[in-house]
Amino acid sequence: MPDSAYRVARRVARELSQDLLLTTPFNVDEVAQRHAVLVEEELPGRTDSLTLHAPVPGDPPRIVIQRSLSATPDRRRFAVAHALGHVLLGWHPLGVPCDVSSRPRELPVTGHDLVEGEANAFARELLLPRAWLEGFDALERPAELIRHAAGRSGVPVMPAARAVALLLPPGFVWVVTDEWGAVLDAGRSPGTQVCAPAAGTAFDGRDYARLAAERHRADLEGSSLLVWRFDQDSVEELPHDHTARQVAADIAADLALDADELAARIDGAAGWANEQLGSSSLAGMTAALTERVQAMADLTAVTGHARFGDLVDAKAVELVAKRLAR
Ligand SMILES: [Zn+2]
């Protein structure tokens, strides 16, 4: 049940907002300049921003913003807030180029994803505060709310969709498509089992539309935003997450093992791996779990099963989601 909650990053944004009595929309450059030297330069490639240590220790860090972003003020605004996140979340390594247009991963696969996810979550909470979104009292019209919140706060529609989705109950999937129907970005509310389609793919949304219990739509400039809600009984018919428990039951059935016992063994290994070696990235957690289960001599049939990888992946997703939700 992925939930990229990034609570610490969001709390830091909320505290900054309260300290400065910010009301949406505010001048984000002025806020960033309280903590960093903000400059515009031509940066190579698809870089939106680069946050750097001061040349002289003790001086404030530098935020370099891609000069050409002045043509897309909403993306520039998000890039400044994202870079400020790197400055204020003191454990972030500086000097790494950022591309805020890339679709964030639902859960961080690598340490780099984790840092980028936190900076994005910081930027979303700063620019689209949860309390501000709730104040519209419009969660029953999510597509309209996302479109309106993006316009009012001056950010692209994708971060607005992510911010609103975090407030929705389980079961919601949102998709932004271009005018030819290709997926630009997609996501879901916490606890949703139905998978969001992958960005960059041609997307046939007919099954989603047919099975949805609610359908919402907002037309944007050159793109469309679709929001669907699914009841639990339509989950099986659409691409959906498999819980570690379900995969363990499938493997146990194949190997004539007791499903509950296997699930309990995997839970035990997961608890140990999480305590001893755990990490908040999927790659780190997957490696820790694999190592732990492979060390259990009586589970060699399980580790040799074709779906052992699926089992470890599903468990790693559950553990990382839990860590990020803390
Ligand atoms: Zn970044």
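Tryptophan 174 has glycine 187 of strand β5 as its bridge partner. The model is predicted; local features need pLDDT of at least 70, side-chain atom pairs count only at pLDDT 80 or more, and totals for chains, interfaces and linings use all residues. Numbering starts from 1 along each chain as its sequence is written.

Strands here are DSSP E runs of at least two residues, and helices are H or I runs of at least four, numbered from the N terminus. Five bridges link β4 to β5 (residues 183–188), and the two run antiparallel. Strands count as paired if DSSP finds at least two bridges between them. Four residues lie between the strands in this hairpin, where glycine 181 takes a positive phi near 90°. Strand β4 is also antiparallel to β7 (residues 223–229), with seven bridges. Valine 175 has leucine 226 as its bridge partner in β7.

Six of the seven residues of β4 (residues 172–178) are buried, so the strand is largely enclosed by the rest of the structure. Buried means 20 or more other C-beta atoms within 10 Å of the residue's own, exposed 12 or fewer, and partly exposed in between, with C-beta atoms placed from the backbone. Beyond neighbours within four places in sequence, the contacts of tryptophan 174 include Ala161, Ala186 and Leu225. A contact requires C-beta atoms, placed from the backbone, within 7 Å.

The largest nonpolar core has 87 residues, and Val173, Trp174 and Leu225 are among those with the most contacts inside it. Helix α13 gives the most to this core, with nine residues. Such a core joins buried Ala, Val, Leu, Ile, Met, Phe, Trp, Tyr and Cys residues through C-beta atoms within 7 Å.

Methods. Two residues are in contact if their C-beta atoms, placed from the backbone, lie within 7 Å.
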